[in-house]
Amino acid sequence: MKVYLRTYGCQMNVRDSENIAADFVERGWELCDDAKSADAVVVNTCSVREQAEQKALGKLWHVVNDRKERGDGLPVICVTGCMAQNLGEQISKVVRGVDIILGARQTHKVAEECERLFKDISAKAGTRKRRALVNIDDDLQSHRLINKHIAAQTRPCAFVSIMQGCQMNCSYCIVPKTRGVQRSRPEGEILDEVARLAAGGTREVTLLGQVVNAFGKEAGGKNSADAFVSLLKKVAKIDGIERIRFTSPHPAFFTDALIDCYAELKELCPYVHLPMQSGSDRILKLMRRPYRSKQFSEIVGKLRRARPDISMSTDVIVGFPTESPDDFNMTKALFEECAFDMAYIFKYSPRAGTLSAQMQDDISDGEKEARNQILLESLRVQSQAFNDALIGTVQSVLAEAPARRGAGLLMGRTPHHRKAFFKAGADGIGKFFNVKIETATVSALGAHVV
């Protein structure tokens with residue numbers, strides 16, 4: 001039995017898919033790269049932008065059409081994740097032939113339901129019921145069930161989900177609808193998972209959460225003073241773990257205690273993703289972001305004082321409803337003041353079910369694109385400057401995989417999360433190398449082992 005998985009979206013979706021894959025492998029299934037030869041196809045989806053949903057629906061159409069040509073009633077077709085949660089049964093009306101629709105809090109049931117239907121179809125010589133199985137219910141324990149990894153595929157770097165959901169309710173964001181309310185995993189279960197990964201050869205872990213630094217701070221609950229800082233310090237003490245990253249934090253929960261960790265914990269990499277979204281206080285208020293530009297700038301300043309070599313990335317939305325040229329210029333000014341060297345810059349698009357969708361989308365596509373390009377150019381300059389400053393330095397790089405291009409090259413990341421390419425044997429994957437940086441582009445570094 002073979003299963004093909006396709007993942008769209010963020011690191012949380014990638015982690016969910018890893019968990020789904022591990023479930024299948026436990027049941028004796030084989031992972032494959034070809035949807036046409038699979039006995040089950042799972043499409044794990046994103047809903048942050050409409051374009052992401054359209055890509056997933058397009059993939060489902062292709063799989064359904066390929067199944068018609070195959071003629072044996074297979075593969076079982078399952079869609080899960082955020083789009084499944086957002087659209088539910090509507091998916092089976094748009095793409096007729098989808099068998100299983102499981103929401104973002106039901107991903108742990110994907111392998112079980114696919115196997116059940118596979119056996120049923122096989123026993124009935126390719127026939128199936130017409131109506132799709134749909135389950136988008138909440139599961140109060142789902143956050144504790146994303147804890148599996150395929151032992152044979154343990155990588156040097158691993159994602160570890162420490163929570164599910166979000167309670168911030170930013171006006172433009174559909175995530176609270178698709179991912180549900182915030183629930184944090186018990187600290188002990190997280191530490192046990194990290195320890196198992198370390199024993200299997202993982203040297204770097206990235207802790208994941210929709211608002212990762214709000215770990216343990218559930219709305220209306222008894223919250224630890226700074227549960228996330230406590231977790232970081234305990235992860236850092238696990239034998240074998242030499243690097244820690246986390247994403248995505250929220251400025252509202254970036255405490256001084258967390259900032260101090262960048263100076264105190266050698267395992268915590270000098271890299272942070274800090275979503276800004278806008279530099280205009282008026283727009284931030286409309287976005288329902290509970291901080292203002294001055295507070296954001298102060299956090300950035302504290303981080304740079306704690307770790308002068310820190311690399312910073314961010315998220316920015318341009319063209320939010322009513323964003324004036326002055327509002328955009330404030331965003332540009334703060335973006336350049338903070339000197340972000342990596343960024344995800346998005347043109348605003350309304351998402352049904354969000355508060356901002358009730359506002360008039362009054363910025364033209366042309367103006368959104370113009371503002372997007374202005375920030376992209378600032379980013380290009382800032383990224384190149386950051387990378388150029390690394391030329392001639394020696395960096396510790398954890399080799400992750402063979403480079404996609406270039407015979408004999410490995411790809412690894414510096415502590416600053418920069419990709420570096422260098423010549424070394426395939427047996428070097430999972431090992432640390434000291435490399436001297438020779439060349440730099442906006443997105444990558446060329447180096448040699450020293």
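This is a predicted model: local features need pLDDT of at least 70, side-chain atom pairs count only at pLDDT 80 or more; totals for chains, interfaces and linings use all residues.
Three strands make up an open sheet in the order 12-13-14, and the pairing is parallel. Strand 12 (271-273) and strand 14 (342-347) sit at the edges with a single partner strand each, so one side of each has no neighbour in the sheet. On average, neighbouring strands here are turned by 10° against each other, ignoring direction.

Between strand 13 (residues 311-318) and strand 14, which run parallel, there are six bridges. To pick out a residue, aspartate 315 has tyrosine 344 in strand 14 as its bridge partner. The sheet also carries a helix: helix 13 (residues 365-388) packs on it, touching both strand 13 and strand 14. The direction of helix 13 makes about 175° with that of strand 14.

Now for the helix pair. Two packed helices are described by the angle between their axes and the distance between the axes. For helix 9 (residues 256-264) and helix 11 (residues 293-306), the axes come within 8 Å and cross at roughly 30°. Angles under 35 degrees count as roughly parallel, and helix 9 and helix 11 are therefore roughly parallel to each other. Their crossing is right-handed.

As for who touches whom, helix 9 brings Asp256, Ile259, Tyr262 and Ala263 to the contact, while helix 11 supplies Ile299, Lys302, Leu303 and Ala306. Sorted by class, the contact of helix 9 with helix 11 has six nonpolar residues and two charged ones, with no polar residues.

Conventions. Residues are numbered from 1 along each chain as its sequence is written. Side-chain values use heavy atoms; hydrogens and water are left out. Two strands pair if DSSP finds at least two bridges between them. Helices (H or I, at least four residues) and strands (E, at least two) are DSSP runs, numbered from the N terminus. Axes are lines fitted to C-alpha atoms, for helices over the stretch in contact, and angles run from 0 to 180 degrees between N-to-C directions. Contact means heavy atoms within 4.5 Å. Angles under 35 degrees count as roughly parallel, over 145 as roughly antiparallel, 65 to 115 as roughly perpendicular and the rest as oblique. A crossing is left-handed if the near helix is turned anticlockwise from the far one by less than a right angle, and right-handed if clockwise. Ala, Val, Leu, Ile, Met, Phe, Trp, Tyr, Cys and Pro count as nonpolar, Asp, Glu, Lys and Arg as charged, and the others, Gly among them, as polar.
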